[in-house]
Amino acid sequence: MPVKVWREVVKMQRSFLWGGLSIRKRICWVKWTDICKPKKEGGLGIRDLRLVNISLLAKWHWKLLVESDELWKVVVAKYGVGALGNVGLEGLNPRPISSVWWGEICRLDKGIGWFSQVAVKKLGNGNSIKFWKDVWVGEQCLAQRFSRLFGISVQQDEFIRNVGSWVNGEWRWGLSWRKNFFVWEQTLVQELLDLISNVAITDADDGWIWIPERVEGFLVKSLYVYLDRLLSPQNQRTSLENFAFNYIWKSGVPSKVSALVWQLFLDRLPTRDNLCHRGVIRSDDVFCPLCTMEVESSRHLFFALSVCCRDLVRCFEMVRSGYGASA
Ligand SMILES: [Zn+2]
């Protein structure tokens, strides 16, 4: 789905949420990214279309990694062999032949590179995994983790299969260097050897692991959860707040009441202070019309309704009942 389209759909979702079918422009009291959070985190649990869209596009990218060449003949013919088995597609977007679909897949993790963090090589025989440049042990590639050693390696572009050999049925690493080590570099080499010594090289072909869901493999849902943490702002709430937000929707009261309490907890009700903050009313109009003493805020109306206000209401009722009695 092109960016323009999902933005338009989200706009429609927002105006429906706050204004129903009315065509009048209404205030959207809560940020859309907050509304898309789960209910127990203070949101309404609405799916974030932007993240759903990215997750679905990523599914295509995952297929290009793990499925056979036969199925993707057309893609290879159009965009080259680099389109298959490659976590970084950013450079493979030749205009003007690129379709919108392909362009979106290539730009999927632009600038952040999250895809290579969730789709990592699973080592088999090491025929297709680069020793230094692919992520296959730990969470980053060895060229990053041991940049000093990478600089003096003569095997910078080699596949794992060529960085060692089988001797009497046992795998032996054979790392080669451009120069002898300084003493402090020897510690680094030992650290590297310790790291790779426990990794098993087998007869099987190399594969891919989907980090968010290692057992079941790629699931749109698992990516959605991952992207929500990575790309949308997180609210730091206490466990008590999470409990309260969750309780609002499980308390069994009518949903309109739940919605009111939800807005109250977030302090997003159309109280005078909030309306003033959004420029709807003037700053000299923010005072509570009952007591005219304090600013009309959620706290004032619902939790700390000042004594003067309560007294005022009581007086009003006394006067009314007094009139009733004398009449
Ligand atoms: Zn008042």
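Reply: Start with the core itself. In this predicted model, the largest nonpolar core has 23 residues. Those with the most contacts inside it are Ala58, Phe115, Val118, Ala119 and Trp136. Nonpolar side chains tend to be buried together in soluble globular proteins.

Which elements supply it? Helix H3, helix H6 (115–118), strand S1 (119–122) and helix H10 (220–231) each give at least two residues to this core. H3 gives the most, with four residues.

Now take Phe115. Leaving out residues up to four places away in sequence, Phe115 touches Ala58, His61, Val87, Leu108 and Asp109. Ala58 is also among the core residues with the most contacts.

Next, the domains. The protein is divided into domain 1 (3–116 + 212–231), domain 2 (124–205) and domain 3 (239–326). The core draws at least three residues from domain 1 and at least three from domain 2. Domain 1 also touches domain 3. Seven residues of domain 1 and eight residues of domain 3 take part in that contact. On the domain 1 side, three are nonpolar, one is polar and three are charged.

Go back to H3, residues 49–66. Its partner here is helix H1, residues 3–19. The two axes come within 9 Å and cross at roughly 145 degrees. The crossing is right-handed. From H1, Trp6, Val9 and Val10 meet Leu49, Arg50 and Asn53 of H3. By class, the residues of this contact are four nonpolar, one polar and one charged.

Note on methods. Residues numbered from 1 in each chain as written. Predicted model: local features only at pLDDT ≥ 70, side-chain atom pairs only at ≥ 80, totals over all residues. Axes fitted to C-alpha atoms, helices over the stretch in contact; angles between N-to-C directions. Left-handed = near helix turned anticlockwise from the far one by under 90°. Contact = placed C-beta atoms within 7 Å. Nonpolar A, V, L, I, M, F, W, Y, C, P; charged D, E, K, R; others polar. Core = buried A, V, L, I, M, F, W, Y, C linked by C-beta atoms within 7 Å. Buried ≥ 20, exposed ≤ 12 C-beta atoms within 10 Å, placed from the backbone. Domains from an automatic or database assignment.
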